[in-house]
Amino acid sequence: MKKLLILILTLSLAAGSAQAAELGARAGLTSGPDQFHIGAHADLGGITPSLRLVPNVEIGFGDDLTFISFNGDVIHDFPGTGFGVGGELAMQFYDYDQIGSDTELGLSVLGNLRLNLVNGKTVLLEAKLGILDAPDFKFTVGYSLF
């Protein structure tokens, strides 16, 4: 129940920022634990001209557990390239089948490539490497919806 309330609060905050944000869906593969994940992100834009804040939520399935992660990504963009690097601070909830649950604060580094499409939407290709209490590796594909 606590997890559901946190999810609702996070989505409400993201929806409140929707007018200024680029909202999108995301999905991918996670290693350590080995899972498939789905989620949503809100690209809130520039903290500075080359620094973006991109909060997101992901839910992972597989490897005998369910994984929910609330992530705060800060990304430095290299102008004119579509490429960015940054870091992620994440609150992670693990629910192991028949064992119990756990909560951890994780830290990752990331690199992403944003491809602008002719329809005005953006495709995101992103890789994350876990540094502290985070999945070892994540590969995510995202698509802007609004």
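**Strands, aromatic rings and a cavity**

Biologist: Which residue of β8 stands opposite Arg 114?

Modeller: Leu 124 in β8 is the residue opposite Arg 114. Please bear in mind that this is a predicted model.

Biologist: In which sense do β7 and β8 pair, and over how many bridges?

Modeller: Strand β8, residues 122–132, pairs with β7 in the antiparallel sense, over ten bridges. The hairpin of β7 and β8 has five residues between the strands, and in it Gly 120 takes a positive phi near 90 degrees.

Biologist: And what of β6 and β7?

Modeller: Strand β6 (residues 83–96) and strand β7 (residues 100–116) are antiparallel as well, with 14 bridges. Leu 89 has Leu 107 of β7 opposite. Three residues lie between the strands of that hairpin, where Gln 98 has a positive phi near 65 degrees.

Biologist: Is Gln 98 buried or exposed?

Modeller: Gln 98 has a relative accessible area of 85%, so Gln 98 is exposed. Gln 98 sits in the loop between β6 and β7, and its positive phi occurs in a residue other than glycine.

Biologist: Where is Asp 63, and what is its phi?

Modeller: Asp 63 lies in the loop between β4 and β5. Its phi is positive, about 60 degrees, although Asp 63 is not a glycine. With a relative accessible area of 45%, Asp 63 is partly exposed.

Biologist: What kind of peptide bond runs from Gly 32 to Pro 33?

Modeller: That bond is cis, with omega near 20 degrees. Pro 33 belongs to the loop between β1 and β2.

Biologist: Let us step back. How many helices and strands does the chain have?

Modeller: The protein chain has one helix and nine strands. Starting at the N terminus, the order is α-β-β-β-β-β-β-β-β-β. Of the 146 residues in the chain, 34% are buried. Among contacts with a separation of 6 or more, 42% are between residues 24 or more positions apart.

Biologist: Now the cavities. How many are there of 30 Å³ or more?

Modeller: The search of the whole structure finds two. The volume of the largest cavity is about 110 Å³. Its lining comprises 16 residues, of which Glu 22, His 41, Asp 43, Arg 114 and Leu 124 are the closest to the centre. Arg 114 and Leu 124, with which we began, are the pair standing opposite each other.

Biologist: Which strands supply at least two residues of that lining?

Modeller: They are β1 (22–31), β2 (35–43), β4 (51–62), β5, β7, β8 and β9 (137–144).

Biologist: Staying with β8, is Glu 126 buried or exposed?

Modeller: Glu 126, a residue of strand β8, is buried, because its relative accessible area is 2%. The side chain of Glu 126 makes a polar contact of 2.5 Å with the side chain of Arg 26.

Biologist: What else does Glu 126 touch, leaving out residues up to four places away in sequence?

Modeller: Besides Arg 26, Glu 126 touches Asp 73, Ile 75, Leu 110, Gly 111, Asn 112, Lys 138, Phe 139 and Thr 140. Val 85, which is 41 residues apart from Glu 126 in sequence, is 9.5 Å apart in space, C-alpha to C-alpha.

Biologist: Which side chain does the side chain of Asp 77 meet in a polar contact?

Modeller: The partner is Arg 52, at 2.5 Å. Asp 77 is in strand β5, residues 65–77, and is buried, because its relative accessible area is 17%. Leaving out residues up to four places away in sequence, Asp 77 touches Ser 50, Arg 52, Phe 83 and Gly 84.

Biologist: Turning to the rings, how many aromatic pairs are counted?

Modeller: The count is four aromatic pairs. In one, Phe 78 and Phe 83 have ring centres 5.9 Å apart and planes at 15 degrees, so the pair is stacked. Phe 78 is partly exposed at 35% relative accessibility, and Phe 83 is partly exposed at 37%. Tyr 94 and Tyr 96 also form a stacked pair, with 6.0 Å centre to centre and 10 degrees between the planes.

How values were computed:
Residues are numbered from 1 along each chain as its sequence is written. This is a predicted model: local features need pLDDT of at least 70, side-chain atom pairs count only at pLDDT 80 or more; totals for chains, interfaces and linings use all residues. Side-chain values use heavy atoms; hydrogens and water are left out. Helices (H or I, at least four residues) and strands (E, at least two) are DSSP runs, numbered from the N terminus. Buried means under 20% relative accessible area, exposed over 50%, partly exposed in between (1.4 Å probe, protein chains only). A polar contact is a pair of N or O atoms within 3.5 Å; within protein, one must be able to donate a hydrogen and the other to accept it, and residues adjacent in sequence count only if both atoms are side-chain atoms. Contact means heavy atoms within 4.5 Å. Two strands pair if DSSP finds at least two bridges between them. Rings of Phe, Tyr and Trp (its six-membered ring) pair if their centres lie within 6.5 Å; planes under 30 degrees apart count as stacked, over 60 as edge-to-face and the rest as tilted. On a 1 Å grid over the protein atoms alone, a cavity is a set of points where a 1.4 Å probe fits but cannot get out, and a pocket is an open set with protein on both sides within 12 Å along at least five of seven lines; lining residues have an atom within 4 Å of a point. Grid points are joined across faces, edges and corners, and a volume is the space filled by probe spheres set on the points.
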